[in-house]
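Please examine the sequence and the structure shown below.

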Amino acid sequence: MSKILQISEIGSPILRQRASSIDLPAPQIDGLIADLIATADAANGVGIAAPQVASSIRLFIVASRPSPRYPHAPTMAPTAMINPEIVDRSGELVSGWEGCLSVPGVRGLVLRDRTIEVRYLTQHGDLVQQELTGFVARIFQHELDHLDGILFPDRVANPTELITEAEYLKIAFD
Ligand code: ZN
């Protein structure tokens, strides 16, 4: 049975560490992957990284779907990505509102590459290389930052573009 895990919040030192690479096979992470998916689901998250649940390893889940927190998100199956990296970037930057389960109640406008070529391992050790674009590319870049100790407010260029979730939802439903 998967468990809902406690999410570390901004200020917790583990969120500022560089996470360690994972050597596969690592069957001990199968349970963690199931728990991460359940935890993101319960919190209406579209992604979650292992350091957010106090496990400083290079693993995150991308699980885009529409929710009260992200009403316009595209739907995809939750995908575990191990030792993820960006191998190429479009260079075309787009700004978009981000939030984070570790920074509750806050949204900020962040520039990200619109399109990225990424590489990661599945939990079965298969190497996947694919192009991601739009909101899913944004989630990947946000989660990859978690593995390097970076939180989205670090990337908000203009402090006036850091707002509450309630104010953000007024914009999103406009
Ligand atoms: Zn986050």
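## Glu165 and its partner

Glu165 is buried, its relative accessible area being 18%; buried means under 20% relative accessible area, exposed over 50%, and partly exposed in between, with a 1.4 Å probe and protein chains only. The side chain of Glu165 meets that of Arg107 in a salt bridge, at 3.3 Å from N to O. A salt bridge here is a side-chain nitrogen of Lys or Arg within 4 Å of a carboxyl oxygen of Asp or Glu. The pair links distant parts of the chain, with Glu165 in helix α3 (residues 165-172) and Arg107 in strand β5 (residues 103-113), 58 residues apart. Arg107 is also buried, with a relative accessible area of 0%. Helices (H or I, at least four residues) and strands (E, at least two) are DSSP runs, numbered from the N terminus.

The model is a predicted one, in which local features need pLDDT of at least 70 and side-chain atom pairs count only at pLDDT 80 or more, while totals for chains, interfaces and linings use all residues. Residues are numbered from 1 along each chain as its sequence is written, and side-chain values use heavy atoms, with hydrogens and water left out.

## Other salt bridges

The structure holds 14 salt bridges. One of them joins Arg138 to Glu98, with the closest N and O atoms 2.8 Å apart. Arg138 belongs to helix α2 and Glu98 to strand β4, so this pair ties together parts that are 40 residues apart in sequence. Arg138 counts as buried at 8% relative accessibility, and Glu98 is buried with a relative accessible area of 3%. Glu98 and Arg138 are linked with Arg112, Asp145 and Arg155 in a network of salt bridges.

In helix α3, the side chains of Glu167 and Lys170 meet in a salt bridge of 2.9 Å, N to O. These two residues are 3 apart in the helix, a separation of about one helical turn. Glu167 is partly exposed, at 38% relative accessible area, whereas Lys170 is exposed, at 52%.

## The zinc site

The zinc ion is coordinated by Cys100 (SG), His142 (NE2) and His146 (NE2), at 2.0 to 2.3 Å. Donors are N, O and S atoms within 2.8 Å of the metal (3.2 Å for Na, K and Ca); water is not among the atoms, so sites may look incomplete. Along the chain, the donors of the zinc ion follow the spacing C-x41-H-x3-H. Cys100 in strand β4 (residues 93-100) and His146 in helix α2 (residues 134-147) link distant parts of the chain, 46 residues apart. Both Cys100 and His146 are buried.

## The sheet and its helices

An open sheet of 3 strands has the order β4-β5-β8, with antiparallel pairing; two strands pair if DSSP finds at least two bridges between them. Strands β4 and β8 (162-164) stand at the edges with a single partner strand each, so one side of each has no neighbour in the sheet. The twist averages 25 degrees from one strand to the next. The antiparallel strands β4 and β5 are joined by 7 bridges, and Val94 stands opposite Arg112 in β5.

Helix α2 lies across β4 and β5 and runs at about 60 degrees to β4. Helix α3 packs on the sheet, touching β4, β5 and β8, and its direction makes about 95 degrees with that of β8. Contact means heavy atoms within 4.5 Å. Axes are lines fitted to C-alpha atoms, for helices over the stretch in contact, and angles run from 0 to 180 degrees between N-to-C directions.
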